[in-house]
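Have a look at the model first, then read on.

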Amino acid sequence: MATDNPKMLPVLRRRWSPQQSLEGLKRLAMRWWRRQSPSRQDRYVILGPLVSVLLFLTVISATFWFLRAEEITHEEEAVARAGEIAQQQMRLRLLDHQEQLLRLAREIATRDIGRGGFVEQAQTLTGDRPEITRMVWLTANGLVRLPYDASPMAGDPLALPETDADEGQGSPTSPARQAFLEAQTRRQPAYSPHYRDEDGRTVVRLVVPLLARGDFSGAVAAEIDLEVLLRRSVADDLMRRHTVSILDADELMVATTGTATVASGNQRAGRVHEVPLSPLGPGLFLRTQGWRTSSNLIGNVLFWMVVGLSALTVWMLLGSLTHLRRRNQMQATLMQETNFRRAMENSIVTGMRAMDLEGRITHVNRAFCEMTGYGAEELIGRLPPYPYWLPDRIDETMQFLQQELMGRTPSGGIEVKVRRKDGEVFDARMYVSPLVDHRGEQTGWMTSMTNITEAKRVRDQLTASHERFTTVLEGLDAAVSVVSMRSGELLFANRSYRVWFGSSPRGHLILSEGSAPDTAHSARLSDDRDDSDPLSGLPTETLTEAGTDPREVQVESLQKWFDVRSRYLQWTDGRLAQMIIATDITARRRAEEATAQQAEKAQVTSRLVTMGEMASSVAHELNQPLTAINNYCHGMVNRVRENAIGKDDLIAALEKTARQAERAGQIIHRIRAFVKRSEPQRQAADARAIIDDAVELANIDLRRRKVQLNTYVAQRMPALYCDPILIEQVVLNLLKNAAEAIDLSDMPPSRRRIELRVVPRQTGDGEAVVEFSITDNGPGMAGDVLGRIYEAFFSTKREGLGIGLSLCRSIIESHRGRLTAENLYNGELVSGCRFTFTLPVDSTLRFDATAETEASKRSEASPSA
């Protein structure tokens, strides 16, 4: 069966039958012929070449028809032979597959080769036949006993459990099930209709029944990839000259060898031959398409005929060459100009409308028709009101039209509402200009229309967004200002900024620098403002991405404190600008100052309370040196009266009296230095000196309570940056609390001990700290007390104020430290309590702790002297 390619006919018909173009050219030619009014001689000059051309075309057509008919016959025979050869090759290969599967089926039915034998036979069979993608051993019920996948990505089939699986065989309408039922019924090999497997390949299934003594015991099935089968069956030489394809009953391509390649490169579509593809069944056809090339004989004949007829044509056209050349040039120029203008008009998205002086529409372009939904034939020739006007705005639109006809349209255009043919309304902007002909006379008006619905919607949204943003900024209590970094111009300021600083950028400079700028310096910046850019060359992107730490700035003129945050940004015109947000924190600063004063008073009060609680111990401590002084003085007086003392004994007694007086003076000076009110002052301090001073005061109370204190301070302690008096107060409070807990619990002498340790540590975050720990052997604290010991005014003492530990914790946290408390256990019994606090180390401090301690002692000794 050989036929012309039917898919090429509609394309050729559309290409060579442009009815509208031919009619238009015919009308244009007749109009031009009447306008020229040629003479008889001109007619002969024109008709001579036309007759020659017609004769030339007739001869060429007859010759080409004859040669073409002969060539078609040869092509049909060649394509038919190729199709039969391809059919025979595919049929032989399918029969070979069928014979191999029959042999395998006989071995399975008679010898029972088992699962391993089936896999070995399947590997041998698929190794030489790549079109067989999968083999399945089916039971008598159509269930899969053992599958074998020829894909290299498939696993070992023997590793699968020996269980019967359905694998889609149970569907009575599936192609695989149909082939299985046919093989079971006919006891002969059967092919299934083609279908797509899991990998998307088009395959058919060949099912061979297993017959054991005439009984159906199962089947062996093989899936054959039609694409691979086609390429493996057809010879390479045939595929180079023809395209072989497999089609189904709906003429859908199932498999193909692709387009054939001809070495000469001069290719044309040839003949098509279709035959049924047996033994696959009536549903598949094998189509063979040939490619032809021109023969040398035909080319030579056509060449000499063209040369002879061309010579005759040239001879006849020499007389009219000059005349026709001029006319052709004019016609080509006219067509080129017309096509260019038409293409340019149709390519723009702006609607164009031309009107005469009376308002009648004379021309519309394609964009105008698409905007309004009306065709050109519906608009051309119409007088107002036009169909795309809104019915409820006809009077208003008519006034706009009258303004257009009178030439009073604004240069920026007018916004109008336009209704499409389907009833949809959109916003448009129209621009009107006079339409002037080649003589310079106005013949009408040209209107351009642009759809601005989306642009207007975006503009309205931007306007609303800007209003909301401005409203939010104006309502802020913080001052927001933006200043150009190059010119110093105030680009933006909200209401709070204008209330506090006015409309001058001076307030921005005060907030950014922390003080009022120098007037002369500002004047110099103003003079150099237009000559150079002080920030030229800086990485603008890095500046805009980086932020700054907040600062607190005091403005003396306003008597206010501001929390200032600034960052750099790109302004709308691309300039680098600085934005500052200043929040009034005057009330917070005053509250912090009041809180600090109250904390200072509380610290002094706590120290006074501590000394008040230790008054009896201090009196006992002072009573010992005073009693010794009194005894020494009375003894010396008695011995002097009796003349029973020598000079050396008198000097020794006086020196002992002086030492006791110095001891009493040191105790009084230490107490005075501890309780006197002074401003908090952080300075470089040595942990050992702080511990020595605290222990000296604490021992006054510890000795009275008969509590032993063991102190350990590590060597080479790092420097601390703190207030020594406050840290000494914390240590003294914790020691005094531990001693009171031991004394009030009436602990035996073996447990009346306190251990004070000071060692450097490293926190979990790697921060260097100094750890102070006070451990006692007292009764510990209850669980509910541990959770409340830092509450203000909570105390377990009968006469306690409840501010000691709370104040200690505040002091430690103000030094960026941490205070903790825990019970110590011996098994399940509480054996004591431990308070621990840490202070961070200042690594920038480098000083001699010994020299610092000695200098401190000298300064303390000078007032007492």
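Which residues do ring pairs link into a cluster? They are Phe 368, Tyr 386, Tyr 388 and Trp 389. Keep in mind that this is a predicted model, where local features need pLDDT of at least 70, side-chain atom pairs count only at pLDDT 80 or more, and totals for chains, interfaces and linings use all residues. Residues are numbered from 1 along each chain as its sequence is written, and side-chain values use heavy atoms, with hydrogens and water left out.

**Ring pairs**
- The structure holds 9 aromatic pairs, meaning rings of Phe, Tyr and Trp (its six-membered ring) with centres within 6.5 Å; planes under 30 degrees apart count as stacked, over 60 as edge-to-face and the rest as tilted.
- One of them joins Tyr 386 and Tyr 388, stacked at 5.6 Å centre to centre with 25° between the planes.
- Tyr 497 and Phe 501 have planes at 40° and centres 5.2 Å apart, so this pair is tilted.
- Both Tyr 497 and Phe 501 belong to helix 14 (residues 495–501), 4 residues apart, or about one turn; helices here are DSSP runs (H or I, at least four residues), numbered from the N terminus.

**Burial**
- Tyr 386 comes out buried at 3% relative accessibility (buried is under 20% relative accessible area, exposed over 50%, partly exposed in between, with a 1.4 Å probe and protein chains only).
- Tyr 388 is buried too, at 1%.

**Charges over rings**
- Arg 145 has its charged end over the ring of Trp 137, 4.3 Å from the centre; the cut-offs are NZ of Lys or CZ of Arg within 6 Å of the ring centre and within 35 degrees of the ring normal.
- Arg 589 lies over the face of Trp 561, 3.7 Å from the ring centre.

Methods: Helix = DSSP H or I, 4+ residues; strand = E, 2+ residues; numbered from the N terminus.
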